Amino acid sequence: MFQNTPVSFSGVQPSGNLTIGNYLGAIKNFASFSEQYKCFYCVVDEHAITVRQVPADLRRRTYETLALYMACGLDPEKNTLYVQSHVKEHAELAWLLNCFTGFGELSRMTQFKDKSQKHADNINAGLFTYPVLMAADILLYQTDVVPVGIDQKQHVELCRDIANRFNAIYPDTFTIPEPIMAKSGAKIMSLADPTKKMSKSDENTNAVVYILDDRDTIIRKFKRAVTDSDTCIRYAEGKDGINNLMTIYSVFTGKTIEDIEREFEGRGYGDFKMAVGEVCADALAPVQEKFKCFMSDKAQLEAQMKKGAEEAAYVARRTLSKVQKKLGFVQIR
Ligand code: TRP
């Protein structure tokens, strides 16, 4: 569809509280994706309501998520950045794909099992069919690759199953997407328990550094980071805390692990933690500055959303009408 340029699609929940794990592991690398792919980044507000949301918060976070992606270097001239509910085709294709998805398949999704345990008072049908809407997101754009974290791999695999099943009945309808895990991105661990991945939903806020944390908060969190009883700054098995801090320092500065070992030879953990906090705060300062600037102009953000939605809808409409034709729906113009 894009003169042989492969398509990359990714969705992001409008949570706003993105962490340095999201930043270093994924978003920072997305900027260069547009050299290789036609990229779509969708703020998935329709997915967000599968758990109860406060309307004002959801609205604010939708703006924030778009602003944050732009602040992290995603240029809206080179990428299609938009909001899911602005492109009606997502919900519409999701319904059609619901009729090609098994109850058993959805019952096996580990995220559904986790979330229905967590939100036992609200196990709604949307939570159950969440992966079908995600499949619609992906398939509408004839997507080749889907950059996701490991937790979403099962959903992308289900998407492939649905697309293959549909194509077997109605040939040549969908491109079969491939999940890709960030290769170049680093895996950042929790500061409180460095054997666990840093997660934006961690209840212990000291475990997590958010992209929008201010300088003092960032430095305080690194100062408190859990390490070990050794005193030497070197990368080694069993030194998960120090290894994690070295990784973070390395990605922010571009220095190798050996460089860092040399730089901090004979110095203590306190010094090192301070240095990590400082490079992190320095690196995030321009992102936060841009974020503030984008957030201060809602009209401009809305114009951006509108432009993105128009670009996306142009592609989405074509896929949806192809699907409807194949299914035997009457087309009127
Ligand atoms: N489910 C994804 C998450 O929680 C978000 C998402 C929605 C998504 N639609 C997508 C990711 C399509 C990739 C492709 O992270």
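**Salt bridges, a pocket and a buried serine**

Asp57 and Arg60 sit three residues apart, about one turn, in helix H3 (residues 55-71). Their side chains pair up in a salt bridge, with N to O at 3.3 Å. Keep in mind that this is a predicted model.

**Salt bridges**
- Asp57 is partly exposed, at 27% relative accessibility, and Arg60 is partly exposed too, at 38%.
- Arg267 forms a salt bridge with Asp271, and the closest N and O atoms are 3.3 Å apart.
- Arg267 has a relative accessible area of 36%, so it counts as partly exposed; Asp271, at 41%, is also partly exposed.
- Shared partners tie Asp228, Asp230, Arg234 and Lys239 into one salt-bridge network.
- Within it, the side chains of Asp230 and Lys239 meet at 2.7 Å, N to O.
- Asp230 is partly exposed at 27%, whereas Lys239 is buried at 5%.

**The second largest pocket**
- This pocket holds about 200 Å³ of space.
- It has 14 lining residues, and Glu46, Ala94, Gly126, Thr129 and Leu133 are the closest to its centre.
- Helices H2 (45-48), H4 (89-98) and H7 (125-140) each give two or more residues to the lining, with H7 supplying the largest share, five residues.
- By class, the lining has seven nonpolar, six polar and one charged residues.

**Ser116**
- Ser116 lies in helix H6 (residues 110-118) and is buried, because its relative accessible area of 12% is under 20%.
- A polar atom of the Ser116 side chain lies 3.3 Å from the backbone oxygen of Lys113.
- Leaving out residues up to four places away in sequence, Ser116 touches Ile123 and Leu127.

How values were computed. Residues numbered from 1 in each chain as written. Predicted model: local features only at pLDDT ≥ 70, side-chain atom pairs only at ≥ 80, totals over all residues. Heavy atoms only, no water. 1 Å grid on protein atoms, 1.4 Å probe; cavity = no way out; pocket = protein on both sides within 12 Å on 5 of 7 lines; lining within 4 Å. Points joined across faces, edges and corners; volume = space filled by probe spheres on them. Helix = DSSP H or I, 4+ residues; strand = E, 2+ residues; numbered from the N terminus. Nonpolar A, V, L, I, M, F, W, Y, C, P; charged D, E, K, R; others polar. Buried < 20%, exposed > 50% of the residue type's maximum accessible area, 1.4 Å probe, protein only. Polar contact = N/O pair within 3.5 Å; in protein donor to acceptor, adjacent residues only side chain to side chain. Contact = heavy atoms within 4.5 Å. Salt bridge = Lys/Arg side-chain N within 4 Å of Asp/Glu carboxyl O.
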